[in-house]
Amino acid sequence: MSLRHCGLGPSFAGVLSDVLKVNTSVTTLSLGYNNLEDQGARVIAEALKVNQCVKELYLWNNIGSEGARAIGGMLSVNKTIKELVL
């Protein structure tokens with residue numbers, strides 16, 4: 001699923017998080033060139049801790065150190081993601 005260049009911010013991440021928690025079909029998630037920030041990265045990371053479908057995650061965003069730590073923590077739990085681009 002590609003949501004690149006959609007002007008998405010941290011508030012959208014909450015909506016997406018709810019979807020990702022119950023997702024059973026999306027295997028590629030491309031969120032590049034949005035404005036998710038650390039807050040959005042944290043929320044998405046929490047959802048991906050329980051998601052077992054997404055295998056590729058592309059986050060080309062302005063994610064800072066907090067968001068990167070959240071993504072790193074998610075990767076210690078989620079063993080499904082095989083490709084990550086920040």
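**Exercise 1. Is Trp60 buried, partly exposed or exposed?**

Solution. This is a predicted model, and the values are computed from it. Step 1: take the relative accessible area of Trp60, 29%. Step 2: set the limits; buried means under 20% and exposed means over 50%. Step 3: Trp60 falls in between, so Trp60 is partly exposed.

**Exercise 2. Find the aromatic pairs and describe how they are arranged.**

Solution. Step 1: count them. There are 2 aromatic pairs. Step 2: take Tyr33 and Trp60. Their centres are 5.7 Å apart, with 25 degrees between the planes, and the pair is stacked. Tyr33 sits in the loop between β1 (28-30) and α2, and Trp60 in the loop between β2 (56-58) and α3, so the pair ties together parts 27 residues apart in sequence. Step 4: turn to Tyr58 and Trp60. Here the centres are 5.4 Å apart and the planes lie at 20 degrees, so this pair is stacked. Step 5: join the pairs. Tyr33, Tyr58 and Trp60 form a cluster. Step 6: check accessibility. Tyr58 is buried at 14%, while Tyr33 is partly exposed at 47%.

**Exercise 3. Locate the salt bridges and say which parts of the chain they link.**

Solution. Side chains of opposite charge can pair when their charged atoms come close. Step 2: count. The model has 2 salt bridges. Step 3: examine Arg42 and Glu66. Their closest N and O atoms are 2.7 Å apart. Arg42 belongs to helix α2 (residues 37-48) and Glu66 to helix α3 (residues 65-77), so the bridge links distant parts of the chain, 24 residues apart. Step 4: examine Lys49 and Glu46. Their N to O distance is 3.0 Å. Step 5: compare with the surface. Arg42 is partly exposed at 33%, and Glu66 is partly exposed at 41%. Lys49, at 29%, is partly exposed, and Glu46, at 45%, is partly exposed.

**Exercise 4. Describe the largest nonpolar core.**

Solution. Step 1: size. This core holds 19 residues. Leu20, Leu29, Leu31, Ile44, Leu48, Leu57 and Met74 touch the most other members. Step 3: trace the sources. Helices α1 (10-22), α2 and α3 each supply at least two residues. The largest share, 4 residues, comes from α2. Step 4: zoom in on Leu29. Beyond four places away in sequence, Leu29 touches residues including Met1, Leu16, Val54 and Tyr58.

**Exercise 5. How many disulfides are there?**

Solution. Step 1: apply the cut-off. The two sulfur atoms must lie within 2.5 Å. Step 2: read the count, 0 disulfides. Step 3: look at two cysteines. Cys6 is partly exposed at 43%, whereas Cys53 is buried at 17%.

Key. Residues are numbered from 1 along each chain as its sequence is written. This is a predicted model: local features need pLDDT of at least 70, side-chain atom pairs count only at pLDDT 80 or more; totals for chains, interfaces and linings use all residues. Side-chain values use heavy atoms; hydrogens and water are left out. Buried means under 20% relative accessible area, exposed over 50%, partly exposed in between (1.4 Å probe, protein chains only). A salt bridge is a side-chain nitrogen of Lys or Arg within 4 Å of a carboxyl oxygen of Asp or Glu. A nonpolar core is a set of buried Ala, Val, Leu, Ile, Met, Phe, Trp, Tyr and Cys residues joined through side-chain atoms within 4.5 Å. Contact means heavy atoms within 4.5 Å. Rings of Phe, Tyr and Trp (its six-membered ring) pair if their centres lie within 6.5 Å; planes under 30 degrees apart count as stacked, over 60 as edge-to-face and the rest as tilted.
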